[in-house]
Amino acid sequence: MNNILETIVAHKKQEVAQLKAEIQVSTLVKSPGFQRTPISLKRELLDPKSSGIIAEYKRQSPSKGIINDTSSIQEVTEGYLSAGVAAQSILTDKEFFGGTLIDLVQAREINQTKPILRKDFIVDGFQIVEAKAIGADVILLIAACLSKKELQQFGNLAEDLGLDVLYEVHNQEELDKIGDLDNKIIGINNRNLKTFQVDLEHSIALASQIPDSSIKVSESGISDPRTIIGLKEYGFNGFLIGENFMKTENPGFSCQEFIKQIG
Ligand SMILES: O=C(O)c1ccccc1NCC(=O)[C@H](O)[C@H](O)COP(=O)(O)O
């Protein structure tokens with residue numbers, strides 16, 4: 001692990017320990033959100049008519065500081081949906097990204113048709129149950145901050161709850177940790193978390209190591225619609241984009257213009 005991830009994960013472990021002392025898993029399981037049937041990200045990304053764009057709600061980040069502190073989750077959700085996104089990603093980490101669980105709950109009230117990814121740093125099964133309870137359809141498992149065993153256990157738990165998993169990797173070593181890649185959604189993060197540099201070559205370099213049976217998602221640093229056309233040629237079905245939309249005054253409109261250009 002590198003410094004920023006180490007810091008985030010250490011903070012997250014404390015946060016989750018405190019939450020677990022306050023909230024019982026049985027309470028989460030009884031919540032109305034827990035009863036709903038999740039929407040499949042896999043199905044959405046495999047649909048030939050899908051734009052493939054997973055548009056993110058991101059107020060701030062360790063690499064950029066404040067990105068957008070004026071656009072509400074409601075207006076961005078409505079904008080992304082009318083733009084034709086494949087899915088929404090919502091950063092629920094408060095300390096480093098300024099997100100909240102309430103953001104996801106409020107987005108879910110508006111978005112009844114497209115999958116929502118809970119973008120957070122999962123370090124405990126409790127957060128997976130919580131993700132389902134707040135209305136998420138998909139969770140993120142970051143190979144850089146989990147052991148092989150945790151990746152397997154958390155992946156199985158999510159699957160048992162009917163949630164999809166986006167497994168995130170930066171390099172071959174992390175890809176190897178996931179084990180069997182068949183039928184999984186694999187996200188290649190183009191952002192080097194030591195230097196914060198983004199390089200789309202990361203996606204291209206790892207693409208050939210991922211079997212055709214899995215779904216490839218390219219994450220971070222995408223700002224040019226022509227990049228999508230290029231990445232599709234390497235077999236990518238999904239494209240996770242945050243800052244490029246969120247840094248504008250109207251993220252929904254920027255997303256719409258972007259999607260129009262990819263055709
Ligand atoms: O964005 C960061 O600075 C960051 C730092 C440390 C860990 C994760 C980080 N980002 C999370 C993400 O994966 C991105 O929000 C997502 O891929 C969208 O990226 P972008 O389009 O570049 O906003």
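Is Lys12 buried or exposed? I found Lys12 to be buried, because its relative accessibility is 1%; buried means under 20% relative accessible area, exposed over 50%, and partly exposed in between, with a 1.4 Å probe and protein chains only.

**Basis of the entries**

I worked from a predicted model, in which local features need pLDDT of at least 70 and side-chain atom pairs count only at pLDDT 80 or more, while totals for chains, interfaces and linings use all residues. Residues are numbered from 1 along each chain as its sequence is written, and side-chain values use heavy atoms, with hydrogens and water left out.

**Overall fold**

I noted 13 helices and 10 strands in the protein; these are DSSP runs numbered from the N terminus, helices (H or I) of at least four residues and strands (E) of at least two. The radius of gyration is 17 Å, close to the 18 Å of the globule rule for 263 residues, so the protein is as compact as a globular protein of that length. That radius is taken over C-alpha atoms, and the rule is 2.2 Å times the number of residues to the power 0.38. Buried residues make up 54% of the 263 residues.

I then looked up salt bridges, defined as a side-chain nitrogen of Lys or Arg within 4 Å of a carboxyl oxygen of Asp or Glu. The count comes to 15. Lys12 and Asp93 form one of them, at 2.8 Å from N to O. Lys12 lies in helix H1 and Asp93 in the loop between strand S4 (87-91) and helix H6 (101-110), so this pair ties together parts 81 residues apart in sequence. Asp93 is buried too, with a relative accessible area of 1%.

I recorded a further salt bridge between Lys20 and Asp124, at 2.9 Å from N to O. This pair also links distant parts of the chain, with Lys20 in helix H1 and Asp124 in the loop between strand S5 (116-119) and helix H7 (125-133), 104 residues apart. Lys20 counts as partly exposed, because its relative accessibility is 40%.

**The network**

Which residues are linked to Lys12 in a network of salt bridges? I listed Glu15, Asp93, Arg118, Asp120 and Glu130. Glu15 has its place in helix H1 (residues 3-22) and is partly exposed at 27% relative accessibility.
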